Amino acid sequence: MKDAWAGYAWAVAAAFAATLAGFAMRGRFDLVNIAMVYLLAVVLVALHRSRGAAIAASILSVAAFDVLFVPPEGTLTVHDAQYLLTFAIILGVGLIVSRLVERARLQAREQAHLEIEAETERVRSAMLASISHDLRTPLAVMAGDSSTLVEAGERMAPGARQALARSVFDQARDLSERVNKLLQMTRLDTGAITVERDWSSIVDVADSAVRRLSDRLAAHRLIVEIPADLPLVRIDAALIEQALGNLLENAAKHTPPGTIVRLRARADGRLLVVSVEDHGGDATDVDLERMFRKFQHGSMEGTAGGVGLGLAICRAIVRLHGGDCWAERTPGGGMTFRISLPLERQPGIPAERSPATVDGPATDDPGR
Amino acid sequence: MDPRPTILVVEDEPEIRRFLRSSLEAEGYRMAESASARRGVVDAGTHKPDVVIVDLGLPDFDGVEVVRQIRQWSTVPIVILSARTQERAKIDAFEAGADDYVTKPFGIGELLARIKVALRHAVPRQAGGAILRFDDAAVDLERRAATRHGAPLHLTPIEFRLLSALARHLDRVVTHRQLLTEVWGPSHAGDTHYLRIYVKQLRDKLESDPLRPRHLLTEIGVGYRLLSGDAAS
């Protein structure tokens with residue numbers, strides 16, 4: 001709407017500028033040349049503005065040209081009929097040019113739309129090809145285990161029965177996590193994720209991620225090192241928790257049980273850096289960049305590999321926050337993944353009144 | 001009269017209702033079920049359940065709306081079932097008055113634990129005798145006294161108030177907004193950084209390992225949960 005009004009303003013300005021030029025030319029140039037200046041003004045408006053603005057520019061130009069330059073000046077009357085043709089041409093050119101421009105714009109838009117569709121289609125088929133395997137594997141295991149229970153459960157020892165039921169449960173959880181990752185990646189790709197930032201503590205983020213993944217990390221020795229005076233960060237804590245969780249999950253998945261996984265955070269200038277360091281052995285052959293690609297599996301680990309989206313999701317989330325995520329080799333073997341997040345000026349909090357008043361009534365409000 | 005506690009399950013998927021029925025009845029509960037949000041709101045009135053379980057993804061209207069409508073007239077504990085992709089809806093459900101949540105897919109053990117907590121706290125605790133036990137510390141909210149390893153521990157008035165607000169919803173989730181409003185007042189409902197700073201102070205004073213808290217737990221993006229001594233072990 002605002003754009004439309006700007007278009008009409010341009011129409012008026014163009015007709016006005018042409019009129020000024022016309023006055024400057026009067027006496028030295030033929031009236032036909034002044035008509036050409038008006039025509040130029042109309043064409044310029046038609047090229048850059050809407051059809052409505054082009055028509056407005058044509059009408060204004062014709063009217064101004066007629067009243068100010070075509071004898072008898074000062075009236076709309078025209079003595080020489082050839083100027084009627086001039087008017088018609090100015091109007092006609094305005095209409096034709098704006099029509100052409102409109103068509104070109106429409107085509108460009110359609111083209112862009114088609115290109116986006118083609119790209120989406122390409123990603124979708126790559127995704128389907130890659131995930132059909134990753135989703136089918138746990139489904140096949142579940143179908144196998146549960147059918148064994150159905151058909152032979154009564155003849156089995158209770159322990160074996162329990163183990164099969166447990167396997168179905170674990171596979172179902174695993175499958176659900178894979179589906180979550182696929183959904184999350186899709187949402188990140190399509191921009192369907194809104195980052196809702198709030199002052200957050202990395203201790204909270206780590207606490208939540210570590211507890212959520214406690215089962216998977218149970219076989220490893222997890223060490224959490226976060227300095228007590230670490231500043232707060234303005235982040236979407238739920239999203240960063242996912243990112244950090246993916247790194248922890250990745251470490252648990254790709255390193256032998258019993259090895260150390262170290263979760264660390266530190267302030268580094270204007271960045272807060274959180275790292276997950278593992279000691280999974282020789283990583284000299286690992287391509288540090290490739291593993292962040294979508295559907296990238298770490299190694300030949302079969303079903304333990306997940307859908308290969310964990311690191312890609314982590315990086316996408318962190319970049320949405322203006323930070324970055326990258327991998328390094330841990331000195332002495334293993335991988336270290338780091339997340340950096342921009343630090344902002346710390347928010348203030350009113351100091352609480354003298355700590356001597358512990359027994360006082362709760363009516364005071366030092367929070368003001 | 002059936003003496004068994006009644007659980008109302010508002011869930012549109014018949015398969016999930018079936019699996020809940022077999023598990024809940026095996027555990028000695030009576031289960032009532034509603035297949036839609038609209039029915040759920042009505043059934044919450046007619047069945048007088050002891051706990052309501054609401055799925056967030058219902059076909060007719062939002063599970064959050066079910067929570068909101070039930071809360072208009074009832075304090076019955078509400079446990080929501082949410083998927084990991086419904087984080088925002090989960091926060092809305094807590095703001096609307098839900099007490100707890102279980103993330104789908106869940107093992108029945110998880111849900112039963114949440115139901116037990118909900119039933120335990122359905123009866124408002126009587127005043128007095130509220131002593132919170134941590135691993136090495138104890139806090140008497142009534143007398144406003146705290147100890148760590150038996151020695152007196154100093155807590156500021158705000159720390160006491162924050163702890164009391166969490167203790168009023170012991171073992172359940174309390175949202176950031178609720179805590180900020182209760183402790184600092186409605187004009188500070190958006191000042192989450194106050195909460196981060198005071199939660200850290202409390203963890204430093206009360207938790208054995210403030211980096212791996214066992215009592216004052218983070219519910220990421222939603223709020224905090226204070227676990228009572230027995231539930232944490």
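In chain A, five strands form an open sheet with mixed pairing, in the order E2-E4-E5-E7-E6.

User: Which strands of chain A stand at the edges of this sheet?

Analyst: Look for strands with a single partner strand, because one side of each is then left without a neighbour in the sheet. In the order E2-E4-E5-E7-E6 of chain A, the edge strands are E2 (221-225) and E6 (324-329).

User: Which residue of E4(A) is the bridge partner of A:Ile223?

Analyst: Start with the two strands: E2(A) and E4(A), residues 260-268, pair in the parallel sense over five bridges. Within E4(A), the bridge partner of A:Ile223 is A:Arg262.

User: At what angle to E6(A) does helix H9 of chain A run?

Analyst: Helix H9 (residues 310-320) of chain A lies across E6 and E7 of chain A. Its direction relative to E6(A) is about 135 degrees.

User: Are H2 and H3 of chain A roughly parallel or roughly antiparallel?

Analyst: The axes of H2 (residues 31-48) and H3 (residues 51-68) of chain A come within 8 Å and cross at roughly 165 degrees. Angles over 145 count as roughly antiparallel. That makes the arrangement of H2(A) and H3(A) roughly antiparallel.

User: How many residues of the contact of H2(A) with H3(A) are nonpolar?

Analyst: H2(A) contributes residues including A:Leu31, A:Ile34 and A:Tyr38, while H3(A) contributes residues including A:Ala53, A:Ser58 and A:Phe65. Two of the contact residues are polar and none is charged. The number of nonpolar residues is 12.

User: Where in chain B is confidence lowest?

Analyst: Chain B averages a pLDDT of 89, and 94% of the residues score at least 70. Confidence is highest in strand E1 (residues 6-10) of chain B, at 96. Where pLDDT is low, the predicted coordinates should not be read in detail. With a mean of 55, the lowest confidence in chain B is in helix H9 (residues 229-232).

Definitions and conventions: Residues are numbered from 1 along each chain as its sequence is written. Chains are lettered from A and ligands numbered from 1 in the order in which they are written. This is a predicted model: local features need pLDDT of at least 70, side-chain atom pairs count only at pLDDT 80 or more; totals for chains, interfaces and linings use all residues. Side-chain values use heavy atoms; hydrogens and water are left out. pLDDT is the predictor's confidence in each residue, from 0 to 100. Helices (H or I, at least four residues) and strands (E, at least two) are DSSP runs, numbered from the N terminus. Axes are lines fitted to C-alpha atoms, for helices over the stretch in contact, and angles run from 0 to 180 degrees between N-to-C directions. Angles under 35 degrees count as roughly parallel, over 145 as roughly antiparallel, 65 to 115 as roughly perpendicular and the rest as oblique. Contact means heavy atoms within 4.5 Å. Ala, Val, Leu, Ile, Met, Phe, Trp, Tyr, Cys and Pro count as nonpolar, Asp, Glu, Lys and Arg as charged, and the others, Gly among them, as polar. Two strands pair if DSSP finds at least two bridges between them.
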